[in-house]
Structure formats: C-alpha cells, structure tokens
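I opened this notebook to record what I looked up in the structure, going from strands to helices and ending with the confidence values.

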Amino acid sequence: MNVPVAAKGHGRTYWIETGKILLLVAATAAILGLCVLVGPGIPGSDVMSLGVSSGAIMRLRMVGVGSAAIVGAALALAGVLLQGLLRNPLADPYILGISSGAAAGVMVWIVFSDAIAAVLLRHPWWGWLLAHGQTIPALAGALLTCVVVFLLGRKRGGLLDPITLLLSGVVLSSVNGALIMFLNNLVPYGAKSDILDYLFGYISEGTAPLTVGIALSAVLLGWIGALSIGPAMNIGSLSDVEAESLGVRLQRLRITAFVLAGLLTAASIALAGPIGFVGLICPHICRGLFGPDHRRLLVVSPLVGAAFLMLADTFVRCTGAWFNGELPVGVITALCGGPFFLYLLTRRRTWS
Amino acid sequence: MTSSPAPRKPLPPPTGSPPEALPSRRPGAALTLTARGVCFAFGATAPSRFARQHPSYLRSINVAQGLESEHPSRRVYWPWWPRRSRRAEPTDDLVMAPASVLENVSIDLPPGQVTVILGPNGSGKSTLLHTLLGYLRPYRGEVLLNRQPLREFSAVELAEAMAFVSQTPSVAFAFTVEEIVAMGRWPHRRDGERRRREWLGGHGSPSDRAAVDEALDMTHVRHLTGRTFAELSGGERQRVIIARALAQDAPILLLDEPTAALDLWHQLELLHLLRDLAHRRGRTVGWVAHELNLARRFCDQAVLMNQGRVVAAGAPGQVLTPETLEPVYQVRVTVNGGQLAFTRRSEGVPAGMPPLTES
C-alpha cells in the first residue's frame with residue numbers, strides 16, 4: 001500500500017491496461033473478419049453460409065461491414081467527446097439534436113425533392129446531388145443543428161456552458177422531432193416505409209465506395225483530433241475555475257470537442273442515418289473496462305463501437321429471412337443497448 | 001522541473017530566502033502578486049480595442065460629456081466601419097457599470113509570507129481570488145505578476161506560476177485520487193520525454209511522480225490513492241484538492257477556504273504546512289478564511305474586506321482588532337487571553353427577522 005508512486009514507474013497497472021488495449025484491437029480485427037465471412041450466400045435468401053462466397057457478394061458485404069465499422073467508431077467517439085464536454089454521462093449525439101437534425105434534413109429532402117427538382121432540374125449540381133441521395137441533406141441538417149446549438153449554448157461572456165448547451169440541444173432535438181412528424185404527414189402513404197427505415201438507421205451494402213471513403217477519412221480526421229485533445233479533456237472534467245487555473249483554455253477545448261463531435265456524427269449519419277444508443281452505451285462500456293482517463297478512452301472507444309455495430313449489422317443481415325426483410329440496425333442496437341444500459345444503471349449507483 | 005524547457009517569457013529571477021527545513025526540489029522562483037485598483041462586476045468588461053472604435057461607443061461618450069444630443073436621428077446605422085467623431089476621446093472607463101463586486105481593490109501578496117483575506121459572506125473574497133488568478137478579468141485596474149500584467153502571460157505560464165484550491169471542487173468522472181493529484185502536473189507537460197510517457201495514461205516523468213508523491217504525503221492522503229473522488233468524505237476531498245495544488249509546484253498558492261471541511265488536526269497540519277511553504281520555500285500564499293483566531297496565529301499579513309472594498313490591511317495585530325472587526329462583522333468582539341471572542345450584538349438583528357426572546 002505504501003509504495004511511493006515514484007518507485008513504481010510504468011507499473012504493473014500500466015502494462016495490464018496496455019495489454020487490454022492490444023487484446024481489444026485483436027478482438028476487433030477478429031470480429032471484422034468474422035462479420036465479412038458470415039452471412040446469407042445470396043442476398044435475400046435464407047441460406048446461411050460460412051466461408052468464401054462469390055466475389056461480388058464478398059465485395060458488397062465488405063462495403064456493408066466497413067460502413068458499420070466506420071459508423072460505430074464515429075458514434076462511440078462522438079459519445080465520449082460529448083460526455084466529456086458536457087461533463088454528463090447521459091450525453092450522446094441524440095441529446096444535442098444532431099441526429100434529429102440530420103433526420104429532419106432528410107425529411108425535407110424527401111418531401112420537397114420534387115419541388116426542388118422542378119426548380120433545379122437544369123442545374124449541373126442536380127445530378128451530383130441525386131447521386132449522393134440522402135447524404136447531402138443529412139449533412140446539411142446535422143451541420144445546421146450544430147451551428148444553432150453552438151450559438152445558443154453560450155453564456156453572456158461567450159464561454160460555452162455545458163448546461164446551456166445541453167438544454168438548447170434537448171429543445172432543438174424535440175423541435176426537430178416535431179418537424180419530422182409534421183413533414184411525415186405531408187408524405188403520401190406509399191413512401192412512408194422508406195422514411196421509417198431511414199429514421200431508425202439502416203446500413204446499406206449498396207453505398208457508393210466514394211461516400212464510404214469520404215466518411216472514413218472524416219472519421220480518421222476526427223479520431224486524430226480527438227486523440228490530440230484527450231489529455232486536456234481529463235482536466236476539462238474538473239470545474240471551470242480549476243481547469244482554467246491548471247492552464248487549460250476551456251473555450252478552445254470545448255469548441256474543438258464540439259466541432260469534432262459534430263463532424264463525426266454528421267459522417268455517421270450520412271452513411272447510415274441516425275443509429276441510436278451506440279454513442280451512449282460504448283463510452284460507458286469503455287469506462288467500465290478501461291477507466292475514465294480520456295487518453296485511453298479515445299483510443300479504445302472507436303474499436304468497441306465498431307465491433308458492436310459490426311455484430312449488430314451481421315445479426316441483421318443473417319436474420320433477414322425471419323423478419324420480412326432486414327431489420328433496421330438501429331432497432332437491434334436499441335433492443336440490445338437499452339436493457340444493457342438499464343443493467344449498468346442499476347448495478348452502479350454513482351455516475352460521477 | 002530540472003529538464004523543462006525555458007518558457008517563452010522567462011519568469012523573473014528568484015529573490016526569496018533559501019529553503020531550510022523542507023528540502024527544495026526546484027530553484028523557488030519568488031513571485032509577487034499585486035492587484036492595483038481592481039474593479040470587477042459581473043457582465044462588465046472594459047471595451048475592447050475594436051469596440052472603442054465603434055461609432056455607437058464614441059457617441060455614447062460624446063453624449064455622456066454633453067457634446068451631442070441623444071436624439072435618435074443622430075444614430076449611425078451605416079456605414080458601420082470605424083468613423084471617429086471629432087471630439088470623442090475613447091477612455092477605458094465604463095459608460096454603464098452594474099453594481100460592482102470589487103471596487104478599487106489594491107493588495108500585495110509578497111513572497112515568503114502568508115496573506116489571509118478575511119471578510120463576511122459576499123464581501124468579494126472569492127471574486128478577488130478569481131481575479132488574482134486571471135480567471136475573471138477586471139473592468140478597471142490590473143493584476144500584476146512581478147510588476148508584469150497578467151495578460152502578458154500565456155495560460156500555461158500562469159498555471160506554472162499560480163496554483164489554486166477552489167471552494168467548490170468538482171470531478172465529473174470516476175477518476176482515482178492518484179489521477180486527480182497527477183492532474184496538477186498538467187502545466188509541466190511540455191517536455192517531450194514526459195509526453196511520451198503520458199501516452200495511454202502513463203505516470204509521467206520521474207519529477208512528476210516525485211511531486212505527486214510529496215503532495216500525497218504533505219496532505220496525508222496516501223492511503224486514499226486507489227479510491228475515487230465520489231467515495232471520499234468532504235474533508236478527504238478537500239485534502240485531495242489541496243494535494244493537487246501542491247503537486248502543481250507553483251511559487252504562488254491561492255486557497256479559497258481550504259480549512260472549511262477539515263477537522264482540527266488536519267486544519268493545524270495544513271496551516272503549519274502553508275506557513276512552512278511560505279517561510280522556508282519562499283512561496284507566496286494567499287488564503288481566504290473565516291476562522292479569525294487561526295488567521296491571526298498563522299498569517300503574516302491580513303486583508304480585511306467588506307462590500308467589495310479593502311477595509312484594513314497590514315500586520316495581523318493591527319487588522320484583527322475589535323475596533324476594525326466589529327463594524328465589518330456586526331458582532332461584539334472582545335480579546336480574551338490573547339484570543340478573539342465573539343458575541344452577538346443585540347441591536348444588530350437583521351431586518352425582517354423577529355428578535356429571539358431569551359428564556
């Protein structure tokens with residue numbers, strides 16, 4: 001007990017923690033391989049096959065699994081960043097309205113695309129916009145919401161205030177929800193199931209490789225940025241005065257974290273729509289496994305998020321035949337994540 | 001500190017007395033912290049360089065000086081770019097100031113001395129401490145670190161110079177005591193070697209670990225190292241926060257009611273420690289307190305505040321007398337065997353509260 005810290009050096013704990021991280025990397029790689037190999041041989045058929053399928057199917061599946069990994073990593077990272085930024089263990093991309101903003105953007109697109117087409121039909125951008133489908137409106141909605149929440153979430157002095165930010169996010173989220181329901185009533189019945197799929201999050205195997213590549217580079221950029229503010233995020237979980245007295249420029253830190261979280265969320269939404277619970281659950285799993293230190297959390301959380309969403313996506317893919325077509329993956333994450341979160345909630349009394 | 005690179009603006013050379021009993025690990029740079037005519041009000045800032053060029057600001061000065069009428073037709077909407085009117089002389093004065101929390105406060109915290117700041121609730125003690133720290137910016141007056149204004153230092157340089165113990169500490173996640181104390185080493189992390197060791201949450205460089213060790217021992221929290229902040233009692237939390245400030249290893253130590261939650265033994269230990277740090281290591285200690293007798297016993301200099309102003313400052317024997325304390329605290333003060341004793345003043349019942357009947 002009374003061993004001085006100075007004598008320990010990189011003690012046993014440090015190497016155990018590092019070993020755990022290496023194990024996690026290996027496990028994620030294994031899950032990636034497994035998920036690419038497992039799935040129905042022919043899309044839509046009920047024949048499960050383990051092993052190498054034909055080249056075209058493998059290529060499609062790699063796009064799907066890769067998208068799942070990218071989206072999971074982005075959401076988990078955004079969750080860690082927002083929880084650290086708001087000093088609140090219940091924060092996730094949903095609570096700040098970023099996800100619902102993206103969904104609202106897509107709804108506007110779906111409802112008004114004919115009108116927009118009539119105006120823009122001859123414009124050269126029209127083809128480009130059409131080629132990316134719902135990606136561009138999702139991005140626009142997410143970024144617009146980010147900007148509004150950011151502008152509302154400041155105190156009079158200009159310092160971003162966690163409580164104000166949280167409240168304006170919650171309000172904007174419900175406003176977006178209302179907007180979605182309003183637009184939903186403007187849509188004729190035929191188009192509605194499509195919209196519902198989108199609102200729950202849906203990972204498609206038919207995404208253009210370019211879109212996946214753009215999302216991947218956005219997530220890598222966000223990860224690098226997040227790793228660079230990791231040490232400061234630790235100090236940022238103290239009170240404002242204490243953090244500033246330790247030499248952390250809080251305003252700069254909060255703006256950076258917010259921009260990174262917005263970028264990551266927008267990238268994931270552009271790829272798969274708003275998938276819930278990953279951004280809430282994964283940070284808590286990581287804290288349970290690796291402790292609250294953001295220097296470790298920001299390394300491990302994207303791996304855990306990617307593994308979780310790849311498994312969920314594979315489950316959805318393999319059970320398509322049982323449920324009249326594939327379930328939206330957001331249903332699985334919510335069905336698994338909700339009870340698990342409640343389990344954590346009842347097991348651990350203190351969140352601080 | 002031995003291998004840290006020189007800061008961009010090197011702090012002035014040490015002038016304090018050399019340490020004697022406590023072994024010193026660093027050449028203790030002795031720093032003086034001075035507040036010169038500091039005024040602070042929430043929501044009030046000195047107009048910025050750009051705001052002072054703005055037509056509406058210049059006009060408000062002209063209006064205030066009676067050079068211009070306030071008729072709305074004179075308002076300049078366009079062009080919005082700077083257009084100096086002929087007579088307006090921009091000043092640093094505030095045109096409209098809300099009620100000030102600090103009014104014209106000038107104090108001096110010299111190295112090698114414990115300065116205690118006293119005063120009733122809401123007299124501006126904590127605000128003064130936050131202003132000295134550079135967290136709040138005064139709208140008039142300035143804070144000087146060895147005769148150099150605070151704004152000329154970067155955030156990390158200020159953190160190297162000043163450590164702070166907050167009255168209301170909070171830790172958002174389940175960090176262990178050891179991790180919290182190690183956070184005090186954050187300002188010293190610019191060393192490349194330290195950075196490498198920090199990767200994935202390592203323990204930092206040997207000097208970091210030595211500082212953390214010493215701080216854990218100084219405040220007697222070594223036995224708590226593996227526990228999280230939420231599990232600790234109020235006094236233990238207080239000691240952990242003080243340990244973090246000590247691990248910061250700064251020449252100036254500002255403490256906001258550090259003894260509030262401590263038991264008697266720990267209070268005396270802490271105050272002896274503060275006095276030793278000041279006298280033997282040449283540290284500058286600023287301490288906000290309510291315990292007048294402890295303050296009288298352990299400080300070298302006392303500052304008595306009331307309603308945002310300094311009422312008395314100087315040696316504790318001169319400041320902590322019944323004549324100065326009675327009007328500030330609204331109690332009857334007597335000196336009883338070298339100790340101050342306080343009784344309620346019967347006529348000083350707060351307004352709106354019925355007098356208690358004595359049984």
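I began with strand E3 (residues 114–118) and strand E9 (residues 301–306) of chain B, which pair in the parallel sense over four bridges; two strands count as paired if DSSP finds at least two bridges between them. Helices (H or I, at least four residues) and strands (E, at least two) are DSSP runs, numbered from the N terminus. I then looked up Leu118(B) and found that its bridge partner in E9(B) is Leu304(B).

Before going on I noted that this is a predicted model, in which local features need pLDDT of at least 70, side-chain atom pairs count only at pLDDT 80 or more, and totals for chains, interfaces and linings use all residues. Residues are numbered from 1 along each chain as its sequence is written, chains are lettered from A and ligands numbered from 1 in the order in which they are written, and side-chain values use heavy atoms, with hydrogens and water left out.

Val331(B) has Arg344(B) as its bridge partner in E12(B). Two residues lie between E11(B) and E12(B), and Gly337(B) in the turn has a positive phi of about 60 degrees.

Which residues of H7(B) are buried? Among them I listed Gly235(B), Val240(B), Ile241(B) and Leu246(B), and twelve of the 14 residues of H7(B) are buried in total, meaning under 20% relative accessible area with a 1.4 Å probe, protein chains only. What covers them includes helix H10 (240–245) of chain A and, from chain B, helix H8 (264–281). Just after H7(B), Asp249(B) takes a positive phi of about 60 degrees.

Lastly I checked pLDDT, the predictor's confidence in each residue from 0 to 100: chain A averages 81, and 84% of its residues score at least 70. Over residues 1–8 of chain A the pLDDT is below 50.

Key: Contact = heavy atoms within 4.5 Å. Buried < 20%, exposed > 50% of the residue type's maximum accessible area, 1.4 Å probe, protein only.
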